[in-house]
Amino acid sequence: MYENFKFDVIFRTEKARLGELTTPHGVIKTPAFIFCGTKASVKGISPQQLKELKSQIILSNTYHLFSYPGADYIKSRGGLHKFIGWDKPMFTDSGGFQIFSLGHGSVADEIKGRRSGISTLCKITEEGAIFRSYWDGSIQLLSPEKSIQTQKCLGADLIVAFDECTPFHSSKKYTELSMERSHRWEKRSLDEFIKLDNGDQAIYGIIQGGIYSDLRKRSAEFINSNNFFATAIGGTLGSTKEQMYEVVEMAVKDIDISRPIHLLGIGGISDIFRGVDLGIDTFDCVHPTRIARHGGALVKNKYRDSKVREHINLKRSEYANDDNPIELDCDCPTCCSFSRAYLHYLLKANELLALSAITIHNIRFMNRLMEEIRQGIFTSSLNEVKLRWC
RNA sequence: GGAGGGGUGGCCGAGCGGUCAAUGGCAGCAGACUGUAAAUCUGCCGACGGAAGUCUACGAAAGUUCGAAUCUUUCCCCCUCCA
């Protein structure tokens, strides 16, 4: 198994490590950031642009593509890579996060106790999760087997076992029962994966256990003892940044470090530095691409307008007369030709170009961040890099 | 010339005797967003004040009424139809 996959650690300092994750569609230099193209598209930009911005890998989502246009459809189009015109590595998430997000809303809403809108999650059973489709309202069951079969049809290089992403507001008892069910689901995912395996995919197991160190330890041991190619850290990571770092640290402690380690759903700049310090190899997050569509351009600390934000909000009126690019030292196409004033105007005028232009900057920003982090590990100067970016 | 319909906060547009400083929407000003139901969501948005509150407001003026954006009269201005 995993004969077409390989993970080599090239260099390490303390826990941080520089690696190469080999897949049938190429090598991913780690630490790496994975951009979210949930519905088989990174919103607003093309695979060609992603490549020009030096992106290594993108992610799509099982739940969304399962609901529409369907796994068989994408398979009959030749798989995701061919369908969307992307020949580099791909990752698919299993749909486990949607058990959380469709049941509880966004991470922030859940942590802050805000009521989310109408839930389209109907029920979680031992068999799987029952959803009302976001697409057509029909009732659908997503089970471990179904998730793996779907991910097989989609054809991403790296796929993920089906789990339940537990919310922050759940008791230890619920977290434990959910974790145990996730373990059974993950075992079923692995069995289904092995049954269908033809060498072109590798599967991640996910560590659950919420904010509880004993549960995280048990979960890590479970994943280690099964033949997953790699390990992802999932579930709630707590309600504050500090708690998140603690949870990641406790989760990472018992992971088999010969396997690649992915941190699900995290993409803040300082979060990535902390993750890298703890030995995380890959990250994925909607944040860079989502805030771009809301007018947020990621910037290094010297360009910020707020102590708490890692981006500037180009919708703010102060940018109306700012002729500088988002960042003076950025090499992205947006910074090479557009001023903050123009981007501000495009946002106000509701022009679609604003969304893609800022997305382009944020993607290049994340890729440059990861390039510098890799360089920083290699030259043992990660702290200096961090001072520039955080 | 005849008949009718209107004028409401930056704009559009509800309200047609008290619960109206006035529903909505847009624009404006902020905020949020971390395995994407997200080009989304939330808050503020007459003036002064931290707030209680005070003042000025529904074309203009005069009235009726305990009370008027809402009723009456006159005036000004718009629009539609007929000649």
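Predicted model: local features only at pLDDT ≥ 70, side-chain atom pairs only at ≥ 80, totals over all residues.
The axes of H15 and H16 come within 8 Å and cross at roughly 155°. An angle over 145 degrees counts as roughly antiparallel, so H15 is roughly antiparallel to H16.

Helix H8 spans residues 172–196, and helix H9 spans residues 213–224. Their axes lie 11 Å apart, at an angle of about 5°. Angles under 35 degrees count as roughly parallel, and H8 is therefore roughly parallel to H9. On H8 the contact uses Thr175, Glu176, Met179 and His183. On H9 it uses Leu215, Ser219 and Phe222. The residues divide into three nonpolar, three polar and one charged. Residues three or four places apart in an α-helix point the same way, because each turn takes 3.6 residues.

Now turn to helix H11, residues 269–277. This helix is mostly covered, with seven of its nine residues buried. The buried residues are Ile269, Asp271, Ile272, Phe273, Arg274, Gly275 and Val276. What covers them? The cover includes strands E2 (16–23), E13 (261–263) and E14 (282–285). It also includes helices H10 (241–253), H15 (352–378) and H16 (382–389). H15 and H16, the antiparallel pair, therefore return here as part of the cover of H11. Just after H11, Gly279 takes a positive phi of about 100°.

The domain assignment of chain A gives domain 1 as 32–285 and domain 2 as 314–376. Their C-alpha centres lie 29 Å apart. The contact between them takes 13 residues from domain 1 and twelve residues from domain 2. Which elements give two or more residues to the domain 1 side? They are strand E4 (32–36), helix H1 (47–52) and H11. That side divides into nine nonpolar residues, three polar and one charged.

Several loops carry backbone features worth a look. A cis peptide bond joins Thr30 and Pro31, with omega about 0°. Pro31 sits in the loop between strand E3 (26–30) and E4. Another cis peptide bond joins Tyr68 and Pro69, with omega about 10°. Pro69 belongs to the loop between helix H2 (62–67) and helix H3 (71–76).

Glu14 has a phi of about 50°. Glu14 is found in the loop between strand E1 (6–13) and E2. Is Glu14 buried or exposed? Glu14 has 11 other C-beta atoms within 10 Å. The cut-off for exposed is 12 or fewer, so Glu14 is exposed. Lys54 has a phi of about 70°, and lies in the loop between H1 and strand E5 (58–61). Lys54 has 13 other C-beta atoms within 10 Å, and therefore counts as partly exposed.

Technical notes. Residues numbered from 1 in each chain as written. Chains lettered and ligands numbered in written order. Buried ≥ 20, exposed ≤ 12 C-beta atoms within 10 Å, placed from the backbone. Helix = DSSP H or I, 4+ residues; strand = E, 2+ residues; numbered from the N terminus. Contact = placed C-beta atoms within 7 Å. Axes fitted to C-alpha atoms, helices over the stretch in contact; angles between N-to-C directions. Parallel < 35°, antiparallel > 145°, perpendicular 65-115°, else oblique. Domains from an automatic or database assignment. Nonpolar A, V, L, I, M, F, W, Y, C, P; charged D, E, K, R; others polar.
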